[in-house]
Amino acid sequence: MPTQTYISLLSPVLFWDMDKEQLDAERHSAHLIQRVLEYGTLNDWRLTRDYYGLDRIARDCKQLRTLDPMALSFVCAMTDTNKEDYRCYKLRQSIPTL
């Protein structure tokens, strides 16, 4: 599937703050995956899974600084990975609580 076709099939609500015509699905993959996990529909998830594959999704998510805890749990369950392997989880654990 071509990049622009994939992006055009995603929900418009995911792009409320950007021009989706200027997005490149390969260059901005981590950002797109994060948006879909946090704000997308089930159909958006299926499109993203089919476009990138579970290995690429896990690899990109492991490098994210932030990811919603529910989205992190979902991606861990879908890719059979541990949340301790994700940068966002490690950063959250290192922040001292009062």
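Predicted model: local features only at pLDDT ≥ 70, side-chain atom pairs only at ≥ 80, totals over all residues.
The buried residues of α3 pack against α1, α2, α4 and α5.

Within α3, the buried positions are D44, W45, L47, T48, Y51 and Y52. These residues cover an arc of only 165 degrees around the axis, which puts them on the same side of α3.

T48, in helix α3, is buried, and its relative accessible area is 1%. What lies 2.9 Å from a polar atom of the T48 side chain? The backbone oxygen of D44 is found at that distance. Setting aside residues up to four places away in sequence, T48 touches Y6, L10, I33, V36, G53 and I57.

Beyond its neighbours within four places in sequence, Y52 is in contact with Y6, A25, E26, S29, L32, I33 and I57.

One of those partners, S29, leads us to the next helix. S29 belongs to helix α2 and is buried, at a relative accessible area of 5%. With neighbours within four places in sequence left aside, the contacts of S29 are D24, Y52, R56 and D60.

R56, in turn, is part of helix α4. Is R56 buried or exposed? With a relative accessible area of 18%, R56 counts as buried, the cut-off being under 20%. Apart from neighbours within four places in sequence, R56 is in contact with E26 and S29. For orientation, R56 and K90 are separated by 34 residues in sequence and by 20 Å in space, C-alpha to C-alpha.

Let me now turn to α5, which spans residues 69-79. Its buried residues are A71, L72, V75, C76 and T79. M70 and A77 are exposed, on the face of α5 turned away from its buried side. Which residue caps the N-terminal end of α5? The cap is D68, one of whose side-chain oxygens lies 3.1 Å from the backbone nitrogen of M70. After α5 comes D80, where phi is positive, near 55 degrees.

In soluble globular proteins, nonpolar side chains tend to be buried together. Here the largest nonpolar core has 27 residues, and those touching the most other members are Y6, L32, L37, Y52, C61, L72 and Y86. Two or more residues of this core come from each of α1 (3-9), α2 (29-39), α3 (42-52), α4 (54-62), α5 and α6 (87-94).

C61 raises the matter of disulfides. How many disulfides does a search of the whole structure find? The search returns 0. The closest cysteine sulfur to that of C61 is in C88, at 7.8 Å, which is too far for a bond. C76 is likewise in no disulfide, and the nearest cysteine sulfur, again that of C88, is 8.0 Å away. Both residues are buried: C61 has a relative accessible area of 0%, and C76 has one of 9%.

Finally, the chain as a whole. Its secondary structure comes to 6 helices and 0 strands, in the order α-α-α-α-α-α from the N terminus. The radius of gyration is 14 Å, close to the 13 Å that the globule rule gives for 98 residues, so the chain is as compact as a globular protein of that length. Along the principal axes, the C-alpha trace spans about 45 × 30 × 20 Å. Of the 98 residues, 38% count as buried. As for sequence separation, among contacts between residues at least 6 apart in sequence, 48% join residues at least 24 apart.

Note on methods
Residues numbered from 1 in each chain as written. Heavy atoms only, no water. Buried < 20%, exposed > 50% of the residue type's maximum accessible area, 1.4 Å probe, protein only. Helix = DSSP H or I, 4+ residues; strand = E, 2+ residues; numbered from the N terminus. Polar contact = N/O pair within 3.5 Å; in protein donor to acceptor, adjacent residues only side chain to side chain. Disulfide = S-S within 2.5 Å. Core = buried A, V, L, I, M, F, W, Y, C linked by side-chain atoms within 4.5 Å. Contact = heavy atoms within 4.5 Å. Rg over C-alpha atoms; globule rule 2.2 N^0.38 Å. Arc of directions from axis to C-beta.
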